[in-house]
Structures are given as structure tokens and as C-alpha cells.
Amino acid sequence: MAITRQTGGWLLVGVQFVLFIMMVALPWRVAPADLSTSNPLLWLGVVLIVAGLVVALAGLMRLGSALTANPVPLPAAGLRTSGVYAVVRHPIYSGILLAAIGFTLAVGSWWQVLVTVGLGVLFTWKSRWEDAMLAEEYGAAWQKWALNTGAIVPRLRHRGSSSRQRRDPHDDGR
């Protein structure tokens, strides 16, 4: 029996949910009651958590009505290539991963390191799967966007090239 795209998408969401639970449920390096505000890893972790949540929220907001928990793109929802999507193709994954790294630095043990690596592997695989579906749906517009935009980590650009576009002609504003 073949798995449909929708079913595969929900399975990936389930794996992601399990990893999120593991992130907070596994033993921490530092107990919450023992957190010291003088610990530089705590502060760096908090900064990364906040930055990651901001990036993920910007991605969520930019998707608007195209937002769905399932990673399978909605038909005719439009290709988002401006705003945070001009920096990375999968900013929600980028933000969650950045927040997970922050959490791991702040309080994590080797268990959280393993879960964070697991999230990185999952998001890399999910982003490639989603990219294949988006390329199928949007063709040349997706190819042009992907050529200049990193999947999860922003691409370094040569001096003088624009890293952010105010308005992409392929972005239908949705």
C-alpha cells in the first residue's frame, strides 16, 4: 500500500512532535531551579531561542492562509519569495532549529544535543521533500528562487548582489 503525500506529511509532523517532547522531557544539564543568571550559555541560549521564535513567527505570518500543519503545500496557494522567504526557503524550520540550539545551549544535556541533531536531519529531509513538491508546482519560478535562497541556512551572497527583495514578481502577495 502506497503512502499518499498527505499521510507522509502527517507522519513527519508526528516525528517532529515526538522530537519536541523529547527536547523538554529528557534530562537537562541544569535543573530549572539551579539556573544561574550569570551563566553566559544561558543568556546566549535565551537570545537564540528568542531569535529563532521571531524567525519562525515571521515565516508563519508570511504564509497567511497557506499555513497548514501538514508540510504538503496547498494547491494554488502561491509561492512565497519575499520577506523572510527572501532569506531562506523554510524559515519556520530555520527558526525552530535556532530555538532548539538555544535551548540546548541554555539547559541541555547530551540528550538535547542528539534531539537537536535529529531535528536538523528531519528538517533537512522535510525541506528537500517540500522543495520537490514546490518545484513541481511552480517550475521556473521556484528554480530561480531556490538558486539564490538557502533552504534552512541563508546563502552567503557576493558583495553587490541583493540578498532581500522588496517585492518579487513571482510572489502573489498571499
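The exercises below work through a predicted model of one chain.

Residues are numbered from 1 along each chain as its sequence is written. In this predicted model, local features need pLDDT of at least 70, side-chain atom pairs count only at pLDDT 80 or more, totals for chains, interfaces and linings use all residues, and side-chain values use heavy atoms, with hydrogens and water left out.

**Exercise 1. Confidence**

Task: State the average pLDDT of the chain and find where pLDDT stays under 50.

Solution: 
- pLDDT is the predictor's confidence in each residue, from 0 to 100.
- The chain averages 88, and 87% of the residues score at least 70.
- Residues 163-170 stay under 50; the model has 15 contacts for them beyond four places in sequence. A contact means heavy atoms within 4.5 Å.
- Where pLDDT is low, the predicted coordinates should not be read in detail.

**Exercise 2. Fold and burial**

Solution: 
- Helices (H or I, at least four residues) and strands (E, at least two) are DSSP runs, numbered from the N terminus.
- With a relative accessible area of 11%, T116 is buried. Buried means under 20%, exposed over 50%, and partly exposed in between (1.4 Å probe, protein chains only).
- Neighbours within four places aside, T116 touches M23, L97, A100, I101 and T104.
- Of the 174 residues in the chain, 40% are buried.

**Exercise 3. Aromatic pairs**

Task: Count the aromatic pairs in the whole structure and classify Y93 with F123.

Solution: 
- Rings of Phe, Tyr and Trp (its six-membered ring) pair if their centres lie within 6.5 Å; planes under 30 degrees apart count as stacked, over 60 as edge-to-face and the rest as tilted.
- The search finds three pairs.
- Y93 and F123 have ring centres 4.6 Å apart and planes at 5°, so this pair is stacked.
- The pair links distant parts of the chain, 30 residues apart: Y93 is in helix α3 (residues 91-107) and F123 in helix α4.
- Y93 is buried at 8% relative accessible area, and F123 is buried at 0%.
- W125 and W129 are also a stacked pair, at 6.2 Å centre to centre and 20° between the planes.
- W125 and W129 are separated by about one helical turn because they are four residues apart in helix α4.
- W125 is partly exposed, at 49%.
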